[in-house]
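Open your viewer and get ready to click along. Each stop on this tour tells you what to select and what you'll find there.

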Amino acid sequence: MRLELKGITKRFPGVIANDHVDLVVEPGEVHGLLGENGAGKSTLMNILYGLYHADEGEILIDGEPVSFTGPGDAIAAGIGMVHQHFQLVGNFSVAENVVLGAEPMRGAGRYDRRAAEAAVAELSVRHGLPVDPAAIVEELPVGIQQRVEILKALYRDASLLILDEPTAVLTPQEADDLFVAVKGLQEAGRSIVFISHKLREHRSLADRISVLRRGRIVGTADPRTASDDMLAELMVGRPVDLVVSKGTAAPSEPVLQVTSLTVLDAAGQPRVDDVSLTVHRGEIVGIAGVEGNGQTELVRAITGLQKPTTGTVDMLGRDITSMSRREVLRSGVGHVPEDRTTEGLVGEFSVAENLMLDLWNAEPFAAHGVLRFDAIAAHAQEEALSFDIRTPDVHTRVSTLSGGNQQKVVVAREFSRENDLLVCSQPTRGVDVGSIEYIHARIVAQRDNGAAVLIVSSELDEVLALADRVAVLYRGQLRGPYAMPLAKDVVGQLMAGGDPAELELSPQETR
Amino acid sequence: MTTPVPTRRTPLRPELLTPVLAVLVALALGAVLVAVADEDTVSALGYFTSRPMDTLSAAWDAVSSAYAALFSGALGSSVALSETLVTATPLILAGLAVAVPFRAGLFNIGGEGQLLAGGAAAGFVGFTFHGLPLLVHLPLALLAALVAGGLVGAVPGVLKARTGAHEVITTIMINNIMGPVLLALLVTSLFQAPGRSDPISRSVASTARMPSPAGSDIRVDLGLLVALLAAVAVWWLIERSTLGFQIRAVGANATAAVTAGMSATRTTVLSMAIAGGLAGLGGAGMVLGASGQGAVTSSFSSGVGFDGITVALLGRGKAGGTVAAGLVFGALRAGGLRMQARTGTPVDLIVVIQALVILFIAAPRVIQSLFRIRANGSMGTTVAKGWGA
């Protein structure tokens, strides 16, 4: 299929999400769509998939203009989309999910399970996407669930496949498997639109890269010749420092000491399994791992949001395991929670209020139970300047800021206290490249100021760039930490459950 | 130096516009009901095709006379105005009792039970003690109402915080408990008036009654001042105090509030207890005030605790809005009685109008699309959140 978008424009109140976007996807081409969060990638793809209607412009398929009123039209025209958040029925089988909405029937309205499973098995073999058609979807790893999504599109005869941030939830190995499958689909003559904000992935997969910035196509690049710096600059609109510059760590006394920490879930299964870890003043320890391997529970237990089942958390020799969350925060722990919208910010509150959210009843923001608005506003002005928070003013609702600026609000708040320990979960998730650069520099500055820093991130590149020592969480168990430098594929294998002994790694407590 | 208040920066106009238009549209629909129920209009409708003006003029007569009576009954004289204020007083307090938990993300349906508890406690203090000066006796009775209502309000708060039981369910159940409990209390020797066999308490001593400054026709009493002071206190609590900051944070995003070190449990219990206290004060006013019988009866509340929900919804959960909404509904009710007496239009029309107002508030899109207001959807989502909490 040859897809052509001509002058696509989509306006939302106050913003132009897509501004006269022209894009051509040739048959059998993997077309990379690169852009920061909020650049308009998703809007463009939602228009193509019939979820939004463009205000201007037209969509041509093999030269014929088409008009979609819903995803049904797009699917009928041969367009398939794999969303970032899977649209699967968890307690249905693989085959049931794939055929859902177009079930093979036997007689009057009887679902033909055998025909469905046979069809899915055939499809899976033909495209090199191995799945067990009878398996229940919710019991499958994320990488396989993604295959089910792709098979769903293929079952409906998609000749153009949109993959929206497909690697965000995958281990490096699973991502490699996905790339192989995508190449296979390409050889079979299908076109692919590949959306990602990771430069490396575009370079290893795409035939051509279109860069979207603020709703406009700002350039098209050939991945064989374009450099990372050039692509990043196109994406952000200014030169970007992709490498975190930091000096050698000078670790001193231990600040955080986690001993034999175990957290069981409601079903009695260990989410965190006998984890011990020490983080020293002046070092950054990074914890890598595929999401859902116990990172959330480990961080919650360390920062006082959840009581561990067994084990202790000590800070500077003091047992903080049974302290309340407020006591933990006020005894010198800064915590950037993993999800800013649900945990980090009160969206309806102003920037100023969010900047003192965890000190709402403390000096200087309150006295005798009364809020002091002048102190709150003054503090906010100061932090907005020092953390480069781009906001019309500090009384603006925080939910109206961009993701990067929202994250800066959280980071500014947590970094502005006197901290001995900083715990940052996914510190740059959904944040634009410019803000990532900024937040990383701030984290290193905190280390150099003598804080002990713990970074938990599913972005392996981020962990490797920031950390002085790296550990991996796999099914609740901690492997490491190991001193940097570490080869990326070694950490990748640990993330997938590889055995540290076979990888010839020996744990090092300090270096 | 004046300092900007962060929460008050949101544009006020559409927020104010929707409730006002909701009231006007509800009145317009009420007018249709009046016309349809009018005999002259209906008989003129029989020959509508030949003489359409007859129908229209008959409808106009019916509607204009009904609404004129409604208006004069609400605001037309000092007595009318006084009746409006008397009716509005408990509505304001019951509305505040819904508004405070609302900001904490809780839906308090228990105003009625809390109000009954407050009224009974105030009445008990009122008729048990004698010989106290007014300046001691009345505040003591109000304090009793505050505490009793607060305790009844705190129960669902504790249940929610400790067990996760949904406050809508528990507050409704406590309403169902409080009615019969009051009835049972009223026939005990502790409460029952001597020589009576029906459920009515002894008479409240004059030193515990709400003083009414004006003459005998003007019934408005000190209770109005209590309600207005309570509204100011609620405004200060929510917008200015650290507790209010917690209440707002928990209401807007409980997870983020807990992550910031706040106690959602404590906030839930406190906001429900405060709500109960406010409803309790409302009940006290209905027993001790000029509008009451000077004694506790089994039906003294006449459902005002439930009306508080509609008042708070129209007032958008804000203190000032709740006062305004209480006055609007007070005017409709006081005027409605006059309308029924003068034109025969049943006072039930007011109930319908009140329900329509709330329908439009709960579904703001109807009003917004009718008048092409740019939707901000704030109220709709808040209502939904209250239920989903």
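Start with Arg214(A), which sits in the loop between strand 11 and strand 12 of chain A. (Helices are DSSP runs of H or I with at least four residues, strands are runs of E with at least two, and both are numbered from the N terminus.) Look at the backbone here: Arg214(A) isn't a glycine, yet its phi is positive, about 50 degrees. The cut-offs are 20 or more other C-beta atoms within 10 Å for buried, 12 or fewer for exposed, and partly exposed in between, with the C-beta atoms placed from the backbone.

Before you move on, a word about what's on screen. This is a predicted model, in which local features need pLDDT of at least 70 and side-chain atom pairs count only at pLDDT 80 or more, while totals for chains, interfaces and linings use all residues. Residues are numbered from 1 along each chain as its sequence is written, and chains are lettered from A and ligands numbered from 1 in the order in which they are written.

Next, select Leu316(A), in the loop between strand 16 (310-315) and strand 17 (318-319) of chain A. Leu316(A) is another non-glycine with a positive phi of about 50 degrees. It is partly exposed, since 16 other C-beta atoms are within 10 Å.

For 511 residues, a compact globule would have a radius of gyration near 24 Å, so the 25 Å of chain A agrees. (That radius is taken over C-alpha atoms, and the globule rule is 2.2 Å times the number of residues to the power 0.38.) Of the 511 residues in chain A, 50% are buried.

Zoom back in on helix 8 (residues 228-236) of chain A. Which of its residues are buried? They are Leu231(A), Ala232(A), Leu234(A), Met235(A) and Val236(A). Show their surroundings too: these buried residues pack against strand 3 (30-35), helix 7 (199-205), strand 11 (208-213), strand 12 (216-221) and helix 15 (433-448) of chain A. Just after helix 8 of chain A comes Gly237(A), with a positive phi of about 95 degrees.

Strand 13 (residues 254-264) and strand 14 (residues 270-280) of chain A make the next stop. They pair in the antiparallel sense over 7 bridges; pairing needs at least two bridges found by DSSP. Leu264(A) stands opposite Pro270(A) in strand 14 of chain A. This hairpin has 5 residues between the strands, and Gly268(A) takes a positive phi near 85 degrees.

Time for some prolines. Pro364(A) lies in the loop between helix 12 (351-354) and strand 19 (366-367) of chain A, and a cis peptide bond joins Glu363(A) to it, with omega about -5 degrees. Then jump to Pro485(A), in the loop between strand 24 (477-483) and helix 17 (488-495) of chain A. The bond from Met484(A) to Pro485(A) is cis as well, with omega near 0 degrees.

Finally, show chain B. How many of its residues are in contact with chain A? The count is 22 residues of chain B, touching 28 residues of chain A, where contact means that C-beta atoms, placed from the backbone, lie within 7 Å. Helix 9 (242-252) and helix 10 (254-259) of chain B each give two or more residues to this side. Helix 9 of chain B gives the most, with 6 residues.

How values were computed. Two residues are in contact if their C-beta atoms, placed from the backbone, lie within 7 Å.
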